[in-house]
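Please read these notes with the model open beside you, and follow each point on the structure as you go.

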Amino acid sequence: MDSIDKLLAQLETGYKEVQPQQQQSKSATAKPFIPPSPKSASFMDNLLAEVKADFAEEDAAMELKRQQELEHERIQQEQLKAKQLEALKVQAKEWLAKVDPLSSEGLWFERFAESYPSKLEAAIEYLHNNE
């Protein structure tokens with residue numbers, strides 16, 4: 001949008017510079033003041049509006065593309081997390097099958113697992129934190 005604003009400012013500045021020069025040359029020849037034709041002003045306004053609309057449309061398209069890329073990346077991250085969770089579940093099941101419930105680790109885990117809805121969830125948390 002900055003480039004649009006700069007372009008508009010340059011066009012406006014050029015337009016404003018041309019108007020005083022035209023007025024000075026007219027007053028030097030003592031001709032009556034005739035305002036610039038409304039057609040040229042409206043043409044410039046229309047042209048500027050079209051340019052601005054084109055840039056706005058382009059910016060909107062770029063923003064949409066960026067949003068789509070972010071959404072795609074978010075979905076990929078969620079899929080990766082789901083895969084990691086599944087891998088942790090497999091590890092947790094294997095670990096639960098191997099742990100001796102009467103060993104110090106097994107006894108500690110029994111106390112640890114009391115605060116979880118299931119031993120599997122506790123084992124997942126335990127393995128996740130000890131990776």
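1. The largest nonpolar core has eleven residues, among them Leu88, Trp95, Phe109, Ala113 and Tyr126; such a core is a set of buried Ala, Val, Leu, Ile, Met, Phe, Trp, Tyr and Cys residues joined through side-chain atoms within 4.5 Å. Buried here means under 20% relative accessible area, exposed over 50%, and partly exposed in between, with a 1.4 Å probe and protein chains only. The model is predicted, with local features needing pLDDT of at least 70 and side-chain atom pairs counting only at pLDDT 80 or more, while totals for chains, interfaces and linings use all residues. Residues are numbered from 1 along each chain as its sequence is written, and side-chain values use heavy atoms, leaving out hydrogens and water.

2. Helix H4 (119-129) gives the most to this core, with five residues. Helices are DSSP runs (H or I, at least four residues), numbered from the N terminus.

3. Which residues of helix H3 (residues 104-113) are buried? They are Gly106, Phe109 and Ala113, and because they fall within an arc of 60° seen down the axis of H3, they line one face of the helix; the arc is that of the directions from the helix axis to the C-beta atoms. The face turned away from this buried side carries the exposed residues Ser104 and Arg111.

4. Trp95 and Phe109 form an edge-to-face aromatic pair, 4.9 Å centre to centre with 75° between the planes. Rings of Phe, Tyr and Trp (its six-membered ring) pair if their centres lie within 6.5 Å, and planes under 30 degrees apart count as stacked, over 60 as edge-to-face and the rest as tilted. Phe109 has a relative accessible area of 2%.

Methods. Helices (H or I, at least four residues) and strands (E, at least two) are DSSP runs, numbered from the N terminus.
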